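Hi,

Here is the structure I promised to pass on. Have a look, then read my notes below.

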Amino acid sequence: VLSCAELAAIRASFYLFGHIHAQNELQIGNAIGIYGGALEHHNFGEPGPKGYVIVETDGTRILGYQRIPTPVAPMILASGAFDGQRLSHSYQDRDVSGAVVRLQYNVAADMRAGGKAAVADEVRLLLERGALSVTPQEVVETETRARAPEVAAAVNHLDKLEAHWKSKGFDPGDRRHALRTKADYLHEATREA
C-alpha cells in the first residue's frame with residue numbers, strides 16, 4: 001500500500017484506482033486521483049452511487065473526466081427488533097423506492113411466531129413504499145443463564161438440587177423428601193444407561 005506522498009513522487013498527471021467499491025477523489029501532489037467505484041452494489045448497506053469514469057486526454061495530459069452512473073437498485077440493510085408487541089425499526093423515514101431491502105430483525109426465541117407476523121406486515125408496508133423486494137432475516141436472541149455460584153460449588157447432585165432451590169427462593173416443604181428421592185433415582189438411572 002502506497003501513501004499519497006509516495007504516489008506523488010511518480011509525478012503522474014492523473015491517477016486512476018480500482019478495487020474499492022465506493023467512489024472517491026484524492027489530491028495527489030498536483031494531480032487528482034480517482035476511485036471509479038463499483039458498477040453495482042455488492043452487499044447490503046454499501047453506500048453511495050455506482051458507476052464508472054470516462055477520462056478525456058490529449059495523449060499526455062488529462063483534459064477532464066466524467067462520472068457515468070449505472071442504473072442499479074440500491075441495496076438497503078434495514079434493522080429492527082420485535083419486543084413481543086410490535087416491530088421497532090430505524091428505517092421509518094428512509095427512501096426505499098426502487099431498492100432491494102434486507103429486513104434484519106432481532107427476536108427472542110420464545111417470540112418468533114409473533115415476530116414473523118409483525119415482519120410480514122412490515123414487508124408489505126415496505127413493498128407499498130416502493131421497495132423492489134424485501135427479504136426478512138430473523139436474528140434469534142438466545143437466553144443465556146449463568147449457574148448460581150451455590151449450585152456450581154455444590155459437590156453432589158442432591159446438594160446441587162438444594163442449592164438450586166435456594167437460589168430460586170423455592171421451598172419444596174413437605175415434598176422435599178419425595179423430590180430428593182426422585183432426583184436420586186434419576187441420577188442413578190442416567191449413570192447406568
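Tyr-15 is buried, with 6% relative accessible area, while Phe-17 comes out as partly exposed at 23%. (Buried is under 20% relative accessible area, exposed is over 50%, and partly exposed lies in between, using a 1.4 Å probe and protein chains only.)

This is a predicted model, so local features need pLDDT of at least 70 and side-chain atom pairs count only at pLDDT 80 or more, while totals for chains, interfaces and linings use all residues. Residues are numbered from 1 along each chain as its sequence is written, and side-chain values use heavy atoms, leaving out hydrogens and water.

Now the rings: searching the whole structure turns up 4 aromatic pairs. Rings of Phe, Tyr and Trp (its six-membered ring) pair if their centres lie within 6.5 Å; planes under 30 degrees apart are stacked, over 60 edge-to-face, and the rest tilted. Tyr-15 and Phe-17 have ring centres 6.4 Å apart and planes at 10 degrees, so they count as stacked. Together with Tyr-35 they make one aromatic cluster.

Trp-165 and Phe-170 pair up edge-to-face, at 6.0 Å centre to centre with 65 degrees between the planes. Trp-165 is buried at 8% relative accessible area, whereas Phe-170 is partly exposed at 36%.

Zooming out, buried residues are 24% of the 193 in the protein chain. Its C-alpha atoms fill a box of roughly 100 × 45 × 30 Å along the principal axes.

Cheers
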